[in-house]
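Work through the exercises below with the sequence and the 3D structure open. Try each task before reading its solution.

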Amino acid sequence: MPQGRAAAQPFSNHCSWHSTSPAKWNCAHCHKLFGSCCSPTPPAAMGKRQCPLCHRELKSLGSGHAAPPFWRRLNDFFLYPFKVQTMAFLLITSLLGVTLSGGNIFSGLMSLVLTACITKYTYKIIEVMSNGHWEPPSVAEAFTGDGFHLFFKQLAIFIVMGAVIGAAGFLGGWVFLIPTVLFVVLALPASVMVLAREDSLVDAVHPGKLFGVMTAIGWPYLLLFFFILLLYGGSGALLAILGTKISDSVLFPLSLFSGSYFTCVMCALMGYCLYQYQEVLGYTTEEAIEENHLDETSWYYQKALADSSIFFQEGRMIDCRDALKTGLKHRKNDLELTRRQFEINAIGADVERMTKTAEHYLQLLSEKGQLSAAANAYGSVCLRIPNWQPENPEACYVAARGLLSRRRFKEVVVLLKGLHNRSPEYRKLPEAYLMMAQAICDGLRREDQALKVLEFTKKHFAEMTSPQTAKEIDELMAILEKSAPKTVPA
């Protein structure tokens, strides 16, 4: 069961590139941890997950790796027995315990059977919790099905441990007795967890196996042992407090209920500890095995997003571009992939590649109506190429709209100036020049120049102009003509 943690593996609970994403896989070669954000589940036909940095297979950390430490969930363990199924079990077994409290042989045998049922149920709690499931076993599972042999195995464990302690005292005196007692007592929770998980009496009493479990968990095992010690004494402390205040007829059923309650809390705690440390204990839970595989197109898309983010943070820009290029082969006009491709190219040395990507990106932004992003993209290109004018007229148009919404009037004029010469067939020339006139008027305070632009538009592009745009042009011209200075005859 215990295999130990890889020596170079980083001790962390989150993805190496995203601090808010829990880690689920590990690359032993690169010493990197991956969350779901950086390692999408491949289609079943495409094999195992691979590290994008070295292309070696990723190893699962187990779903418990992202689980909160057990010492942060103590309240949940104390509330666990109050779930419907567990509470029903506690009430039924307490009632049966009172009923079977007679001193005859039949009552003694039935009490033994009841103890076996309680043992079976509490071990089932450990098993269920070790798979990450907080829903307790049903009451029926305590009295039916397999698992009654666990009672006899647990009894055998106590006999073997008692014999070991006796042999140590007999053969070595106090020198051997004291360390043997300390080890046996300390290893008891590990023995219970091994028996619950592996159902092996030999493993549950094997010193090497138990020592391996304790060292694999590390110092938190001592904390687990301390909590279990407190819980074990909790029932006795409660009864000691109430013993002088209530009658024996009430104290006896209360003692049965209290003992079973604290046992359920302890078992839930040990089961969760198995779940939390499943990786170092060398097993994978049922929860971790179940994965929803993506279809091929979705996987290429998610992988492109994940790999590009990783490569960018690692400074591997060529690999980042290649990852985005692969993703865009499967989703050609995806806005997010194109945005990342533009941002990578904007900081690269290839200006032609940057402008080509920028034009495609601006066109996609136009289709999505994202004017603010268009203005940002245009501004990024202008940092490298001042007064840049895209070859694609639609890219010019959407960038100008974004710039106008931000009152960057001068850039609007530069962007749209001469658009009819570059793209004489562009159907949105009237709308574009209306924007340019607004920018000249509102930003540059040149009403006369704005009027000339509108007159030019009406004269040369009347057939392209929609009724709504023609109306807006006429209204703006009327305002400009009123404010234009009158020429006085000599």
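This is a predicted model: local features need pLDDT of at least 70, side-chain atom pairs count only at pLDDT 80 or more; totals for chains, interfaces and linings use all residues.

Residues are numbered from 1 along each chain as its sequence is written, and side-chain values use heavy atoms, with hydrogens and water left out.

**Exercise 1. Helix α15 and its two partners**

Task: Determine how α15 is oriented against α17 and against α16.

Solution: 
- Axes are lines fitted to C-alpha atoms, for helices over the stretch in contact, and angles run from 0 to 180 degrees between N-to-C directions.
- Set the classes. Angles under 35 degrees count as roughly parallel, over 145 as roughly antiparallel, 65 to 115 as roughly perpendicular and the rest as oblique.
- Take α17 (residues 371-384). α15 (residues 335-346) packs on α17 at about 20 degrees, with the axes 10 Å apart.
- Classify the pair. α15 and α17 are therefore roughly parallel.
- List the contact (heavy atoms within 4.5 Å). α15 supplies Phe342, Asn345 and Ala346, and α17 supplies Ala377, Ser380, Val381 and Arg384.
- Sort these residues. Four are nonpolar, two polar and one charged. Here Ala, Val, Leu, Ile, Met, Phe, Trp, Tyr, Cys and Pro count as nonpolar, Asp, Glu, Lys and Arg as charged, and the others, Gly among them, as polar.
- Turn to α16 (residues 351-368). The angle between α15 and α16 is about 150 degrees, and the axes are 9 Å apart.
- Classify again. α15 and α16 are therefore roughly antiparallel.
- Read the contact. On the α15 side, Leu335, Thr338, Arg339, Gln341, Phe342, Asn345 and Ala346 take part. Among their counterparts in α16 are Met354, Tyr361 and Leu365.
- Count by class. The α15 contact with α16 has eight nonpolar, five polar and three charged residues.

**Exercise 2. Helices α21 and α22**

Task: Find the relative orientation of α21 and α22, and divide their contact residues by class.

Solution: 
- Take the angle. α21 (residues 429-442) and α22 (residues 447-460) pack at about 170 degrees, with axes 8 Å apart.
- Classify. The two helices are therefore roughly antiparallel.
- Name the contact. Residues of α21 include Pro430, Tyr433 and Leu434, and those of α22 include Val453, Leu454 and Phe456.
- Divide. The contact of α21 with α22 has 11 nonpolar residues, two polar and one charged.

**Exercise 3. Loop residues**

Task: Decide whether Cys37, His55, Asp199 and Thr465 are buried, partly exposed or exposed.

Solution: 
- Buried means under 20% relative accessible area, exposed over 50%, partly exposed in between (1.4 Å probe, protein chains only).
- Cys37 lies in the loop between β2 and β3. Cys37 is partly exposed, at 34%. Beyond four places in sequence, Cys37 contacts Cys15, His18, Ser21 and Ala306. Ala306 is 269 residues away in sequence, yet 6.5 Å away C-alpha to C-alpha.
- His55 sits in the loop between β2 and β3. His55 is exposed, at 55%. Its phi is positive, near 65 degrees, in a residue other than glycine.
- Asp199 lies between α6 (174-198) and α7 (201-205). Asp199 is partly exposed, at 36%. Its phi is also positive, about 55 degrees.
- Thr465 lies in the loop between α22 and α23 (467-483). Thr465 is buried, at 18%. Leaving out residues up to four places away, Thr465 touches Pro430, Ala470 and Ile473.

Conventions
Helices (H or I, at least four residues) and strands (E, at least two) are DSSP runs, numbered from the N terminus.
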